[in-house]
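Reader: I have a model open and want a quick walk through it. Can we go piece by piece?

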Amino acid sequence: MNLTPLRPHTPPPARPRPAGPTGRLTREHRLERLTRLQMTLAEAHADAELRERERVAQLLHDQVGGLIVRLRLAFGEWRQGAGAPVGADPGLAQVTELLGELSRTVRSLTFALAPPDWHGDLPTALEAVAAELGLLGPLAIHVDGGAMGAPGTAEIPAAHRAVACRVVRELCLNVQKHASASRVEIEPKVDGGWLSVRVRDDGRGFPTGRGETDAHAHGLGLSGARAQLQALGGALVLRSEPGRGTCATLLIPLDPA
């Protein structure tokens, strides 16, 4: 029988941490490594989301879109065989209208998920956003991509470009719905390792100083846009003044160093 008294467990002594400048350098090095790891994970997540959007868009276009085409053809053949003109039957007219609306909805969803024009450079992709939104109303949207053509400007990764386009599209839709604006200026540029895109309108604006509460009060549901940017380590900055429009600037880091 072991009669040795039990000793309380004592943890091993902690390794002394370096103090002074050496300790600060070690902490800064670890923080830098964690920042790089976070950026790598965020970019991988954004790339995966982009590929999934493209996959779903392809399924919608090929399978759902194909079924709608076959359904419309079959309906047309049945109508001709039955001698049933659409204009003479309100029920047939409604079915024809609903089929057309379904086809337009699928095309719209396919474009929203993975617009084919977003595969070019950022100014071209933003021009595609402007062209798409220009068809929805009288709002004039102008893209100034001159700064992106400066020598040495970093290429924007596809995932970052897609997030920037989605956020700009959301901002412009909010302007169309709530700002009573006649014009929107979009200006992308790269500076100091950051991509920034400024979206400025000439609408009614709102009081500053109360942050996103005011944005929501004016119908600017920006939480989704902020979440997409924060996933990449970015941010959305809003400045506004009653009667003088709103300026929203999205920021995305391109290089954590």
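Reader: Start with Glu185. Is Glu185 buried, partly exposed or exposed?
Author: Glu185 is partly exposed, with a relative accessible area of 25%. Buried means under 20% relative accessible area, exposed means over 50%, and partly exposed lies in between (1.4 Å probe, protein chains only).

Reader: Ground rules, please.
Author: This is a predicted model, where local features need pLDDT of at least 70, side-chain atom pairs count only at pLDDT 80 or more, and totals for chains, interfaces and linings use all residues. Residues are numbered from 1 along each chain as its sequence is written, and side-chain values use heavy atoms, leaving out hydrogens and water.

Reader: Back to Glu185. Which residue does Glu185 form a salt bridge with?
Author: Arg183, and the closest N and O atoms are 2.5 Å apart. A salt bridge here is a side-chain nitrogen of Lys or Arg within 4 Å of a carboxyl oxygen of Asp or Glu. Arg183 is partly exposed at 36% relative accessibility.

Reader: How many salt bridges does this rule give?
Author: The count comes to 3 salt bridges. One of them pairs Arg198 with Glu187, at 2.6 Å from N to O. Arg198 lies in strand 3 (residues 194-201) and Glu187 in strand 2, so the pair ties together parts that are 11 residues apart in sequence. Helices (H or I, at least four residues) and strands (E, at least two) are DSSP runs, numbered from the N terminus.

Reader: Which residue does Arg55 bridge to?
Author: Glu52, with the closest N and O atoms 2.7 Å apart. Both lie in helix 1, 3 residues apart, which is about one turn of the helix. Arg55 is partly exposed at 45% relative accessibility, and Glu52 is partly exposed at 37%.

Reader: Now the strands. How do strand 1 and strand 2 run?
Author: Parallel, joined by 4 bridges, with strand 2 spanning residues 183-191. Two strands pair if DSSP finds at least two bridges between them. The bridge partner of Ala140 in strand 2 is Arg183.

Reader: Which hand is the crossover from strand 1 to strand 2, left or right?
Author: The β-α-β crossover goes through helix 4 and is left-handed. The test: with the strands pointing away from the viewer, a right-handed path from the first strand over the helix to the second runs clockwise.

Reader: Which residues are on the covered face of strand 1?
Author: Ile141 and Val143 are on the covered face, while Ala140 and His142 are on the uncovered one. In a regular strand the side chains alternate between the two faces of the sheet.

Reader: And strand 3, what does it pair with?
Author: Strand 3 pairs with strand 2 in the antiparallel sense over 8 bridges. Strand 3 also pairs with strand 5, again antiparallel, over 7 bridges. Lys189 has Ser196 in strand 3 as its bridge partner. Arg198 stands opposite Thr249 in strand 5.

Reader: Where are the positive phi values?
Author: Gly192 takes one near 60°, in the hairpin of strand 2 and strand 3, which has 2 residues between the strands. Ser180 has phi near 55°, positive in a residue other than glycine. Most residues other than glycine have a negative phi. Ser180 is in the loop between helix 4 and strand 2, and is exposed at 61% relative accessibility.

Reader: Next, Ile252. Buried or exposed?
Author: Buried, at 0% relative accessibility. Ile252 sits in strand 5 (residues 246-253). Beyond residues up to four places away in sequence, its contacts (heavy atoms within 4.5 Å) include His160, Val163, Trp194 and Leu229.

Reader: And His160?
Author: His160 is in helix 4 (residues 158-179) and counts as buried at 1% relative accessibility.

Reader: Last one. Which residues make the nonpolar surface patch?
Author: Leu34, Leu37 and Leu41 make a patch of about 310 Å². Patches use residues with over 30% relative accessible area and no salt bridge, joining like charges within 9 Å and nonpolar side chains (Val, Leu, Ile, Met, Phe, Trp, Tyr) within 5 Å. Accessible areas come from the Shrake-Rupley method with a 1.4 Å probe, and for residues only the protein chains shown count as cover. Leu41 is in helix 1 (residues 20-82) and is exposed at 55%.
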